[in-house]
Amino acid sequence: MFPRTRLRRLRRRNLQPLFRESRIVREQLIAPLFVDENLSEKKPVLSMPGVYRYAVGDLPEVAVRLHQLGIRSVLLFGIPKEKSSGAESAYADDGVVQRSIQIIRLAVPDIVICTDVCACEYTTHGHCGIVGEPSQEQDVINDLSLDLMAAIAVSHAKAGADIIAPSCMMDGVVFWTRAALDEAGYDDVLILSYSSKFASALYSPFREAADSGYQFGDRTTYQLSSANAQEAFRESQFDAEEGADLLMVKPAGLYLDVLAKVKMLGLPVAAYQVSGEYAMIKAAAEKGWIDERAVVLESLSCLRRAGADLIITYFAEQVVGWMDEE
Ligand code: PBG
Ligand code: ZN
């Protein structure tokens, strides 16, 4: 065969950076933050070494630190004092997330504040919406939950959020929320839909972090089956049609096929590297079985290769630290 095919030429050591097809970009990392209204100082999340639940008062310092590192965006999760079946504390003007938004905004005016819009941290039963008994079993009732989500989203926008992120997987939530935001005068607030969100066993450390475990059943009547790629695509497609500004695939690493397809819809896509993905890497690294830095950088690099624009990861701060060392 002549001329010989020589792909290895591209991999000569000093040429490698020239041919790198994707990069981790610090401005496109989003750091999740847990804020607990019951705390006066931060408390470690045991199943996620290095991750904390913060008190509201800790947030200025945290936001300034992240911003100085070049991490432009945070995603807020709140743990309220009071839970109820109607999740009223989720849309209170002085609720934990609403106060957190205001205090972060004051500390770092141009930071991008994203908020998770869901009910599971605020309901006594721990499900993501309003529960009733529509058929043979107790379940989250879709349309009854939409007004709740819209109320939460509007209250976050009112407090100053830039991007609201509905994560409840109710049909129509993007349409309903968009309409409510527009009507309330927040037409410049973006919607990042948790559009293709799977019912994953990888969320369990999060449930310790956010105190959002459920009291009965599971989430498979609203979140996607890990077996279903076509349905996952349709979920993102519908959310795009309903007016989402950004889409999401969650979890990230096990769902790269879905990520690559969702990317074809033409909207920016976020990949959420979830708590279980974080915990698995941390645990193996603590045992000395893997090289943490190498595995983390590989995991995020693969998300970019598959099409992620934004990456939500609990490793955000560590990754930026490694980038600065290089
Ligand atoms: C709330 C929500 C969850 C996560 C993000 N938002 C938990 C769930 O759906 O049960 C998981 C995030 C993670 O595991 O890091 N609906
Ligand atoms: Zn939820």
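Predicted model: local features only at pLDDT ≥ 70, side-chain atom pairs only at ≥ 80, totals over all residues.

Reader: Which radius of gyration does the chain have, and why can it be set beside that of a compact globule?

Author: The C-alpha atoms fill a box of roughly 70 × 45 × 40 Å along the principal axes. For 326 residues, a compact globule would have a radius of gyration near 20 Å, so the value of the chain can be held against that figure. The two agree, because the radius of gyration of the chain is 20 Å.

Reader: What share of the residues in the chain is buried?

Author: A residue is called buried when its relative accessible area is under 20%. The accessible surface of the chain comes to about 15300 Å², and carbon and sulfur atoms hold 51% of that surface. Of the 326 residues in the chain, the buried share is 52%.

Reader: What share of the contacts with a separation of 6 or more joins residues 24 or more positions apart?

Author: A contact here requires heavy atoms within 4.5 Å. Among the contacts in the chain with a separation of 6 or more, those between residues 24 or more positions apart account for 73%.

## Single residues

Reader: Is F34 buried or exposed?

Author: F34 is found in strand β1, which covers residues 29-36. Beyond its neighbours within four places in sequence, F34 is in contact with several residues, including V51, Y54, F77, F206 and Y314. The relative accessible area of F34 is 1%, and therefore F34 is buried.

Reader: Which residues does V319 touch, if those up to four places away in sequence are not counted?

Author: V319 belongs with F34 and Y272 to the residues with the most contacts inside the largest nonpolar core. Once residues up to four places away in sequence are set aside, V319 touches I24, L29, V296, L297 and L300.

Reader: What distance separates the C-alpha atoms of V154 and Y91?

Author: V154 has its place in helix α3, and apart from neighbours within four places in sequence it is in contact with A180, L181, A184 and Y186. V154 and Y91 are 63 residues apart along the chain, while their C-alpha atoms are separated by 8.1 Å.

Reader: What distance separates the C-alpha atoms of A165 and Y194?

Author: A165 is found in strand β8, residues 163-166, and it counts as buried because its relative accessibility is 0%. With residues up to four places away in sequence left out, A165 touches T115, D116, V117, L192 and Y194. A165 and Y194 are 29 residues apart along the chain, and the separation of their C-alpha atoms is 6.5 Å.

## Backbone geometry

Reader: Where does A87 lie, and what is its phi?

Author: A87 has its place in the loop between β4 (73-79) and α2 (96-107). With 0% relative accessibility, A87 counts as buried. A87 is a residue other than glycine with a positive phi, near 55 degrees.

Reader: Is D211 buried or partly exposed?

Author: D211 lies in the loop between α5 (204-210) and α6 (229-242), and its phi is positive, near 50 degrees. A residue is buried under 20% relative accessible area and exposed over 50%. The relative accessibility of D211 is 36%, so D211 counts as partly exposed.

Note on methods:
Residues numbered from 1 in each chain as written. Chains lettered and ligands numbered in written order. Heavy atoms only, no water. Rg over C-alpha atoms; globule rule 2.2 N^0.38 Å. Buried < 20%, exposed > 50% of the residue type's maximum accessible area, 1.4 Å probe, protein only. Areas by Shrake-Rupley, 256 points an atom, 1.4 Å probe, with all protein chains shown as cover. Core = buried A, V, L, I, M, F, W, Y, C linked by side-chain atoms within 4.5 Å. Helix = DSSP H or I, 4+ residues; strand = E, 2+ residues; numbered from the N terminus.
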